[in-house]
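Welcome to my notebook. I wanted to see how some helices pack against each other, so I looked up two pairs. Two packed helices are described by the angle between their axes and the distance between the axes.

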Amino acid sequence: MLGTLTLIFPLISIVLIGFGCARLKFLNQDNLAGVSRFIFYVCIPAFLFLNMQGAELTEVVSLGLLASFYLPVLSVYLSVLLVFRLINKQWAKSAVLALGASYSNTVLIGLPIAIQALGKEVAATVFVIITFHSALLFLLTYAFCGKSQNLNWRTTARQLIINPVILPISLGVLANVSGLKLFAPIEQGLSLLGDPAIAGALFVLGANLHHYRIKSGLKLALILSLVKILLLPAVVWLCATYLFILPTEQTLLLVLISSAPLGVNAYLVAKELNTHNDILASSVVLSTVLSAFSYVLWLNWV
């Protein structure tokens with residue numbers, strides 16, 4: 001237990017420092033917006049592209065690995081969707097709640113935790129696993145919401161294509177497969193930009209948590225949070241252990257990724273759709289706080 005706490009404390013401390021800087025008004029809204037844009041649109045894309053470009057894809061990709069992650073994610077999403085559809089009779093609200101129970105904050109929290117627990121060499125595997133994560137869940141949500149809302153699918157597709165996670169990973173895969181090598185000074189420059197990606201992302205996450213409040217729908221937000229950080233990784237563990245019989249390290253990797261708290265992008269989608277955005281904002285805060293305890297559980301269990 002002490003070893004697990006020692007493992008995750010450095011990451012939690014960065015989140016707390018970010019939260020403290022926002023709380024003490026060391027960073028105002030404009031400062032935070034600028035730092036966030038630099039991290040999410042410059043540092044993280046550089047980090048993702050370089051890691052995908054240099055990854056040994058044949059060694060990190062397997063059908064069982066992908067299925068052990070995506071089958072549970074889809075199962076939980078559709079199960080929550082149908083349950084709430086029976087309760088509230090509305091596809092749009094049910095789809096947003098399903099997103100809140102299944103969308104993981106993989107880049108900001110899942111990836112740092114995985115690297116801290118298993119080493120930097122697992123980064124490429126994580127990138128391959130999450131390549132379609134956002135696109136799949138967002139498209140499903142938009143599709144079900146489209147039953148009751150008029151959505152601009154061209155704009156939606158464009159937003160997914162230029163997503164700062166999806167685009168650099170896709171370009172990195174293309175560069176990897178084609179054997180493209182960057183001019184050395186350019187690669188070194190991208191490497192310098194990518195170095196602060198993980199710490200910067202955790203710092204920004206903590207600072208942003210100060211501005212997300214636990215509002216109405218606390219009970220529902222708590223239910224979504226528990227499904228996200230406990231039920232989903234439990235289903236992933238069962239699939240990886242008994243259905244596809246993956247090695248323990250790969251199983252732990254998938255559990256750590258899937259037990260990440262709800263990602264902020266899910267709240268942004270809900271806000272865009274003007275559906276349950278207050279509940280998803282509360283879920284982001286609750287699941288992030290509770291994940292500090294759930295990670296201890298999963299690291300010791302697996």
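**Entry 1: α8 and α15**

I started with α8 and α15, which are roughly parallel to each other, and I kept in mind that this is a predicted model. Helix α8 covers residues 133-145 and helix α15 covers residues 264-273; I found an angle of about 20° between them and a distance of 12 Å between their axes. The angle falls under 35 degrees, which is why the pair counts as roughly parallel. The crossing of α8 past α15 is right-handed.

Which residues make the contact? On α8 I noted F138, T141, Y142 and C145, and on α15 N265, A266, V269, E272 and L273.

**Entry 2: α6 and α12**

Next I turned to α6 (residues 106-118) and α12 (residues 197-209), whose axes come within 9 Å and cross at roughly 125°. That angle makes α6 oblique to α12. Their crossing is left-handed.

From α6, the contact uses L108, I109, L111 and P112; from α12, I198, A201, L202 and L205. I counted 8 nonpolar residues in this contact of α6 with α12, with no polar and no charged ones.

**Entry 3: a second look at α6**

Is α6 enclosed or open? I found 11 of its 13 residues buried, so α6 is largely enclosed by the rest of the structure. Among the buried ones are T106, G110 and L118.

I also checked the span of α6: its end C-alpha atoms are only 15 Å apart, short of the 18 Å that a straight helix would reach at 1.5 Å a residue.

Conventions. Residues are numbered from 1 along each chain as its sequence is written. This is a predicted model: local features need pLDDT of at least 70, side-chain atom pairs count only at pLDDT 80 or more; totals for chains, interfaces and linings use all residues. Side-chain values use heavy atoms; hydrogens and water are left out. Axes are lines fitted to C-alpha atoms, for helices over the stretch in contact, and angles run from 0 to 180 degrees between N-to-C directions. Helices (H or I, at least four residues) and strands (E, at least two) are DSSP runs, numbered from the N terminus. Angles under 35 degrees count as roughly parallel, over 145 as roughly antiparallel, 65 to 115 as roughly perpendicular and the rest as oblique. A crossing is left-handed if the near helix is turned anticlockwise from the far one by less than a right angle, and right-handed if clockwise. Contact means heavy atoms within 4.5 Å. Ala, Val, Leu, Ile, Met, Phe, Trp, Tyr, Cys and Pro count as nonpolar, Asp, Glu, Lys and Arg as charged, and the others, Gly among them, as polar. The expected span of a helix is 1.5 Å times one less than its number of residues. Buried means under 20% relative accessible area, exposed over 50%, partly exposed in between (1.4 Å probe, protein chains only).
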